[in-house]
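Work through the exercises below with the model open beside you. Try each task before reading its solution.

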Amino acid sequence: MSEDKTQQAVAVKQNIDYCSSCAVCSTLCPYEALKKDAETGKITLDVTKCQVCGLCYANCPARVIDTLYYDLDSLLNYLEQAKKEYASDTLTIMCRGSAPDIDGVSKLFGTPKFIPLLVPCVGRIPDEVYLKALLMGINKINVLACDVDYCRFERGSAVTGRKIIALNLLLDQLGYRRDTITLKRNSLKVKVDANLCIACGNCVFFCPYNAAELKSPGGITFDLDACRGCGLCVAMCPATALELENWEQERISQLISRFSSEMKSPKILTFRCQWASFPPLNGEPAPNIRFIDLPCASRVDRFHILEAFQKGVDGVMVAACSEDDCKQERASGKAQHSVATLSDRLEQIGFKERLHFCSVSPRYPEELDRELEQFSQKIKGLGKGG
Amino acid sequence: MIVTTQKPLDEVLGFIAPYTSVLIAGCDGCTQPPRGLREAKTLSQLLELAGRIQKKSFNFKVTTVAKQCDNYLAASILKPQMEGVSAVLSLACGIGVQTLAEVFPELPIFPAQNTHFMGAEEREAGILEERCAGCGDCLLAVTGGICPVARCSKGLLSGACGGSKEGKCELSPDRDCAWCLIYEQLKKQNKLHLLKESRPPRDYQLSGWRVTT
């Protein structure tokens with residue numbers, strides 16, 4: 001596998017010729033993928049450690065880093081188009097980890113209409129995007145980051161906080177309002193329906209962060225400071241008493257219904273960990289493929305996989321991070337196990353081949369496409385599902 | 001907890017094939033792995049998909065009972081949901097299935113599980129093992145909290161047999177020798193003298209078949 005990967009396209013590159021070895025990137029990199037070589041003083045990039053947070057890209061003073069995702073050009077192109085489409089002069093930049101649905105974001109900032117820009121980590125937005133957005137006629141920029149301690153990329157939220165203070169000071173000097181850019185922080189957490197809870201304690205066992213506590217008497221309580229919103233407990237709750245904010249059962253069910261009716265055959269629905277692969281800002285996926293992004297693959301629910309088949313989807317794929325890349329506490333391994341368990345039961349009714357689990361990484365952007373291509377071919381061969 | 005495993009879907013489908021309106025009743029009681037609302041719903045989805053292949057469509061109702069083995073609870077929770085139901089698929093252990101059969105004598109009640117034993121789960125490994133045989137004469141006070149009736153393959157009461165090898169049972173190299181475990185446990189507690197006490201043969205009548213509350 002590893003030899004294989006050296007031949008692949010990678011999402012982050014370093015143009016070493018322009019590098020002045022200032023080490024801003026290696027100081028910011030949460031994963032030690034960028035390091036200053038002790039002997040030569042040069043900065044080296046170890047792509048196998050990179051999680052594609054984009055902090056280095058957004059903050060390199062010499063533009064040494066190239067990235068395939070959300071680079072300056074594609075961000076600005078998106079803004080130009082979205083400004084027309086949404087007819088608003090407010091831009092809201094949201095991290096995937098903390099953004100509830102559009103209504104929720106509207107409420108958080110008190111702005112009914114806005115241009116949405118959803119990215120994995122707001123820390124990857126270069127300063128130019130803020131400034132060029134203002135030049136385009138945008139008057140107000142809202143930024144929604146994860147709470148600092150819950151940032152999946154460790155430093156993205158904190159770095160953004162500092163960046164926004166500096167930008168607002170600069171804008172103030174240029175005659176803009178001092179609150180032109182507003183930062184809010186949010187984290188999405190578990191919710192318990194006490195009426196459904198059977199006090200079985202499954203969540204206590206599965207929670208990777210010891211956020212769940214079962215008292216007898218007293219029932220279940222969650223320490224929301226400890227909860228990191230992976231959704232594993234939700235998928236494992238035998239009583240369906242738990243929900244994860246923004247990824248409620250019902251909301252995902254509605255997405256499945258909508259996608260299955262608009263997809264062309266062979267219909268492939270992919271439940272994707274939102275950190276395992278990043279969607280492009282523009283462009284639709286192939287007509288037979290739709291994605292439902294999850295906070296972590298461990299949120300993938302048996303219900304939803306089966307529901308997809310019931311609603312006429314021909315193949316379901318679960319795309320997770322590898323265990324080493326998992327932004328949660330090895331939750332992708334739990335996801336794999338739970339898909340395998342369901343797969344055993346699907347085998348009994350002839351659906352096993354229609355469910356596929358794979359682990360991919362945004363650092364190799366072709367990985368997911370390749371998995372999808374192979375799986376689509378296989379499903380095409382199998383013909384229509386149920 | 002009562003340990004159950006899922007019956008093959010074909011077998012379950014065979015049970016319910018003559019019926020259209022089927023109630024799938026989960027149990028939130030002691031079945032392990034849990035067979036509550038989630039499992040009931042999952043089973044309804046799997047059976048619907050399986051039914052489609054056989055050109056058979058069902059009308060499933062999905063519900064759960066706190067303890068299916070409690071006839072009072074089962075009646076009060078399920079009776080109001082029984083209108084139009086022609087068969088019940090129970091996710092409870094064999095006790096729950098029989099309770100439903102008593103509460104609803106006019107309806108066919110089918111088990112969706114095979115019931116194995118009273119046991120405990122090693123959660124990290126996901127392995128469930130028998131722990132109690134319901135003998136009616138609990139010996140755990142003198143065996144270091146390890147039951148030889150349930151955990152020794154031969155149910156011996158007075159120490160290991162000649163088949164104990166390196167802590168494992170001669171019947172299966174995966175299975176711990178219960179008497180080895182008891183010995184190690186008592187040694188830790190400085191209670192090895194308990195092993196020297198002779199014990200009368202087990203009184204099988206104590207297990208019984210009925211007690212009153």
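**Exercise 1.** Into which domains is chain A divided?

*Solution.* Chain A splits into domain 1 (2–67), domain 2 (72–186), domain 3 (192–242) and domain 4 (249–382). These bounds come from an automatic or database domain assignment. Before going on, note the conventions. This is a predicted model: local features need pLDDT of at least 70, side-chain atom pairs count only at pLDDT 80 or more, and totals for chains, interfaces and linings use all residues. Residues are numbered from 1 along each chain as its sequence is written, while chains are lettered from A and ligands numbered from 1 in the order in which they are written.

**Exercise 2.** Describe the contact between domain 1 and domain 4 of chain A.

*Solution.* Start with the spacing: the C-alpha centres of domain 1 and domain 4 of chain A are 30 Å apart. Next, count residues. Domain 1 of chain A gives 10 residues to the contact and domain 4 of chain A gives six. Here, contact means C-beta atoms, placed from the backbone, within 7 Å. Last, sort the domain 1 side: seven nonpolar, two polar and one charged. Nonpolar covers Ala, Val, Leu, Ile, Met, Phe, Trp, Tyr, Cys and Pro; charged covers Asp, Glu, Lys and Arg; the others, Gly among them, are polar.

**Exercise 3.** Is A:Val12 buried or exposed? Find its contacts.

*Solution.* Locate A:Val12 in strand E1 (residues 12–14) of chain A. Strands (E, at least two residues) and helices (H or I, at least four) are DSSP runs, numbered from the N terminus. A:Val12 has 22 other C-beta atoms within 10 Å, so it is buried. The cut-offs are 20 or more for buried, 12 or fewer for exposed, and partly exposed in between, with C-beta atoms placed from the backbone. Leaving aside neighbours within four places in sequence, the contacts of A:Val12 include A:Leu45, A:Ile65 and A:Arg363. A:Ile65 is 53 residues away in sequence, yet 6.9 Å away C-alpha to C-alpha.

**Exercise 4.** Which strands stand at the edges of the four-stranded sheet in chain A?

*Solution.* Write the order: E6-E5-E7-E8, an open sheet with parallel pairing. Pairing requires at least two DSSP bridges between two strands. Strands E6 (115–119) and E8 (181–186) of chain A are the edges; each has a single partner strand, so one side of each lacks a neighbour in the sheet. Now check one pair. Five bridges join E5 (residues 90–95) of chain A to E6(A), running parallel. In that pair, A:Cys95 stands opposite A:Val119 in E6(A).

Key. Contact = placed C-beta atoms within 7 Å.
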